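Try each task on your own before you read its solution.

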Amino acid sequence: MVYHQLIVVGGGLAGLRAAVEAKAAGIDVAILSQVHPGRSHSGAAQGGINAALANHPEGHDDTPEKHAFDTVKGSDYLADQDAAIQMTSDAPGVIFEMDHWGCPFSRFDDGRIAQRPFGGAGYPRTCYAADKTGHYMLHTLVEQAYKHEITMYIERFVMDLIVEDGECRGVVAYDMTKGGLEEFRGEAVIMATGGAGRTYSNTTNAVISTGGGAAMAYHAGVPLKDMEFVQFHPTGLYTTHILMTEACRGEGGYLINGEGERFMRRYAPSVMELAPRDITSRSIQQEIDAGRGIDGKDYVYLDLRHLGAELLAEKLPGTRDLAIHFEGVDPVREPIPIQPCQHYSMGGIDTDVDGRTLMPGLYAAGECACVSVHGANRLGGNSLLETIVFGRRAGAAVVADLAGRAGGGDASAVGARAVAAVEARVAALAGRGADGQDPYAIRADMTATMKDHFGVFREEKQMREGLERLLALKQRCATIGLRNAGGVFNLDLIRTLELEGMVDVALAVATGAVARTESRGSHSRTDYPTRDDETWLKHTMAHSAAGGPRLDYKPVTLGIFEPQERKY
Amino acid sequence: MPEAKFHVKRYDPARDAKDASRYDDFVVPYDSSLTVLEGLFSIQEHQDGALAFRYCCRASVCGSCAMYINGKYRLACQTNLRHLHADVITVEPMPHLPLVTDLVCDMSDFFAKYEYVKPWLIRNSAAPETEILQSPEERKKLDMPIDCILCGACYSSCPSVWTEDNYLGPAALLKAYRFEVDSRDEARKVRLPSWDNERGAYRCHTIANCVEACPKELNPTEGIQWLKMAAVRRRLFGRSK
């Protein structure tokens, strides 16, 4: 048994920022991460991070309130408005702090942090570091974690929570490099495990973005909020679904259909390519569905040629490298084939603005959480912001909640039972061995189902079919066989155990989507094409139950911006 | 369907001797976009669930999957089979590093050396209310070293690392360089002792294997030479920047 006051699960931006906050306040904190924190998926973020710094010549009268308005409008009014204001008010401070810690933001000539236009934003407020903002921010926070001598348990795969008298008191983890299970005990646990993109076959996300943290909280009785809202990024590379940043369009890139037309003029005439992601993805999908993809196929072009080699080298060097290495296309000379791809989970573990969940001792921050600031559609540049704003706030909340609390760390029967339960689960899987269901067949079926039945456009019959398939897959999960049980770096074990949680997260998405008979943000139904505030201006709460998720709803916090029709 | 042949080095700590050299062969369904990483996943899912390798972003930014592929340091995710022009894909862990299992190297020394150079911005002045001003020209000096993904290819390729266990190696020194050239850094003498010594910059003999090995096309050798010159300038003239 290992004891730390605070256990942070996940070493991406949210987890690192939370850990730094708590450690600086004197809390004994440990990070558990499936990969070295510097390899987390936060590092794949490209285009930038929003804050009303008013550094841009065209943005000198930008304010946090305007940023909040754009965020709420972008969310199709499903964001909690107090939470949006909180995030945008915290934004300048947390970004200056990242600069003070060495984050290499790009600069304007006056030495201030550079900003660029992004979709759905009234001002150019996306602070950036070339097109590798996530990578640079992640390394800056990893550096801070080393500076603060935060204990990092690297390559620990967390499998379950330890819950004692209704309070979260630790986790059970698999030690990937030494083998075996370990009990980690703490007074508090922060989940910062990222999104669930890998439930879809067409995702921009890293292979480890499997929704594990959300699934563990859900299984422990904490509800998942607004899971049906799944963001499709307009521009994923055609063959690999690797992200081509929104900054491509922020810097002036075009979207072109098979007829050579800048088709966004028909969908968002005033902002063109800089419409929010839900609208842009739908527009691309409509062009493809109408046979106006390139050569009639299921992709269109992202054209950067007119920007010139010099601008690409300065502002979009990573984009150019990715297009060359992964699509065989040099954007200086050729347009890039792209299509909308799953990118971000707006939903997640239900939390307040300080990361607290309904379970004492359990907190969540980053993509695995849902505060909610993104509502039905997240604006580009708000996810990096979310990680450091709400990571910091969750860390501070733990500091406040643990004040005056005596440290424990005694071995308890509950911890031992939690370890034994995971051991029994692994033994049952291994007992079926090669005779059991093939987890990789189930995984492939699930990811195809999510792509085909819960995509950019949705409709009752198609979703019902998808839901039935997922329920059947859930049944098959009960008899999965694990072919390799022991040893070190056991990918069979990790990938089998994460699958069950993925199916449950997928079911929460599907059930919420079928129930919500309206179109709002990313949830776009051809059979219910309009937003219905009367009935549906409310958050979906999915609770784990036998036979599939049980849904109820809770109100959206309004009161600052009046919901209006969303036009761009 | 066309097929690709994989020849993969294996090591199971529970069964193999430390210096064992065991390879397994696999045939993987091939399409023109297949990467080495996807090939390894195909093997792990359908042929040998025990095959172990690191992975994460599959987009060449996380640094997990640096391996020795057909005799060169490469990121498995960034290596498309059609670019290898080879009948057989030989996949080995990065050489000269201790092994955990199969293609997974033990990176603990690598990160201990990274930590040793105090790889964080050091400031003495009070923080301003907004950003610390930095001109585009000052910022440009950071372009090369900040793209390091800590994959370890340079470290594995460096003969000075092979022959001197204590040598910090190219990645850690590149990180030291990254902060020494940052106009916001005020470390002065605080970080210097970590690299201005026989474990540090002077152990680099400009063999430049690191330059060839780096999958991000960075130049650690150049950064290390800058450190050597900065140390000399400091001794002669009392300043380093």
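**Exercise 1.** How many residues of chain B are in contact with chain A?

*Solution.* A few ground rules come before the count. This is a predicted model, in which local features need pLDDT of at least 70, side-chain atom pairs count only at pLDDT 80 or more, and totals for chains, interfaces and linings use all residues. Residues are numbered from 1 along each chain as its sequence is written, while chains are lettered from A and ligands numbered from 1 in the order in which they are written.

Step 1: 41 residues of chain B are in contact with 40 residues of chain A (in contact: C-beta atoms, placed from the backbone, within 7 Å).

Step 2: On chain B, the elements giving two or more residues to this side are helix H1 (36-46), strand S6 (99-101) and helix H3 (136-140) (DSSP runs numbered from the N terminus: helices are H or I with at least four residues, strands E with at least two).

Step 3: H1(B) provides the largest share, three residues.

Step 4: Sorted by class, this side of chain B has 22 nonpolar, 12 polar and seven charged residues (nonpolar: Ala, Val, Leu, Ile, Met, Phe, Trp, Tyr, Cys and Pro; charged: Asp, Glu, Lys and Arg; polar: the others, Gly among them).

**Exercise 2.** Find how helices H5 and H14 of chain A pack.

*Solution.* Step 1: H5(A) (residues 212-219) and H14(A) (residues 491-515) meet at an angle of about 75°, with axes 9 Å apart (axes are lines fitted to C-alpha atoms, for helices over the stretch in contact, and angles run from 0 to 180 degrees between N-to-C directions).

Step 1: The two helices H5(A) and H14(A) are therefore roughly perpendicular (65 to 115 degrees).

Step 2: H5(A) makes the contact through Gly212(A), Ala214(A), Ala215(A), Met216(A) and Tyr218(A), and H14(A) through Glu498(A), Gly501(A), Asp504(A) and Val505(A).

Step 3: By class, this contact has five nonpolar, two polar and two charged residues.

**Exercise 3.** Which residues have the most contacts inside the largest nonpolar core?

*Solution.* Step 1: Within this core of 244 residues, they are Val8(A), Val171(A), Ile190(A), Met191(A) and Val398(A) (a core is a set of buried Ala, Val, Leu, Ile, Met, Phe, Trp, Tyr and Cys residues joined through C-beta atoms within 7 Å; buried: 20 or more other C-beta atoms within 10 Å of the residue's own).

Step 1: H14(A) gives the most to the core, 13 residues.

Step 2: Leaving aside neighbours within four places in sequence, Met191(A) is in contact with residues including Val9(A), Gly213(A), Ala217(A) and Leu362(A).

Definitions and conventions:
Two residues are in contact if their C-beta atoms, placed from the backbone, lie within 7 Å. Angles under 35 degrees count as roughly parallel, over 145 as roughly antiparallel, 65 to 115 as roughly perpendicular and the rest as oblique. A residue is buried if 20 or more other C-beta atoms lie within 10 Å of its own, exposed if 12 or fewer, and partly exposed in between; C-beta atoms are placed from the backbone.
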